[in-house]
Amino acid sequence: MPSFDVVCKPNLVEVHNAVDQANREISTRFDFKGSDARVEVSEQNKLCELTLFADDDFKLGQVRDVLLAKMAKRSVDLRFLDRDAAPEKLGLDKRKQTITVRAGIEAALAKRIVQLVKDSRAKLTASIQGDAVRVTGAKKDALQQCMSLLRSQVEEVPLSFDNFRE
């Protein structure tokens, strides 16, 4: 039976390239001369975190803007970034902010995707497979309609479709 997987998977190579370009621009900009402004990447167990460092809140905002601009230029969808964390105070005037790069579909969103597939009245079945959702059906046309339905209904996370089988 034809099937495909609905996943949320960022291109981490492009994320690293964007961080490198942002650090290069930050090191050459005049308004960051003599300051400790940088972006660091840490990866642990499929979890990627970006840590922004700056001297004050204004410079932290500037570092964030440079990073987001470089991500957009590298075609990294900004919906992958979870920017809800508030800036932390490190020392006298130092600031730090952590940005998480989302990978995988969370349980609540996976349940919503399964419900959307069921509500579409197409002859498809959807099942949660870890951090992905597998959709199976008898006809490829129904699967393609399901893909377009999911693209239009789920906007908070960039979805991609992998493992399309006939």
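In what order do the elements of the protein chain run from the N terminus on? They go β-α-β-β-α-β-β-β-α-β-β-α-β. This is a predicted model, where local features need pLDDT of at least 70, side-chain atom pairs count only at pLDDT 80 or more, and totals for chains, interfaces and linings use all residues. Residues are numbered from 1 along each chain as its sequence is written, and side-chain values use heavy atoms, with hydrogens and water left out.

**View 1. The protein chain as a whole.** Four helices and nine strands make up the list of elements; helices (H or I, at least four residues) and strands (E, at least two) are DSSP runs, numbered from the N terminus. The C-alpha atoms fill a box of roughly 65 × 25 × 25 Å along the principal axes. The radius of gyration is 20 Å, whereas a compact globule of 166 residues would have one near 15 Å (taken over C-alpha atoms; the globule rule is 2.2 Å times the number of residues to the power 0.38). Buried residues account for 39% of the 166 (buried is under 20% relative accessible area, exposed over 50%, partly exposed in between, with a 1.4 Å probe and protein chains only).

View 2. Beyond its neighbours within four places in sequence, Val6 is in contact with Ile113, Val135, Leu150 and Phe161, among others (contact means heavy atoms within 4.5 Å).

View 3. At the start of α2, a side-chain oxygen of Asp56 comes within 3.3 Å of the backbone nitrogen of Phe58. The 17 residues of α2 should span 24 Å at 1.5 Å a residue, and the end C-alpha atoms agree, being 24 Å apart (the expected span is 1.5 Å times one less than the number of residues). Among its buried residues are Leu60, Val63, Leu67 and Met71. The buried residues of α2 pack against α1, β2 (38-44), β3, β4 (81-82) and β6.

View 4. Ser75 sits in the loop between α2 and β4. Its phi is positive, near 65°, in a residue other than glycine. Most residues other than glycine have a negative phi. Ser75 counts as exposed because its relative accessibility is 68%.

Note on methods
A polar contact is a pair of N or O atoms within 3.5 Å; within protein, one must be able to donate a hydrogen and the other to accept it, and residues adjacent in sequence count only if both atoms are side-chain atoms.
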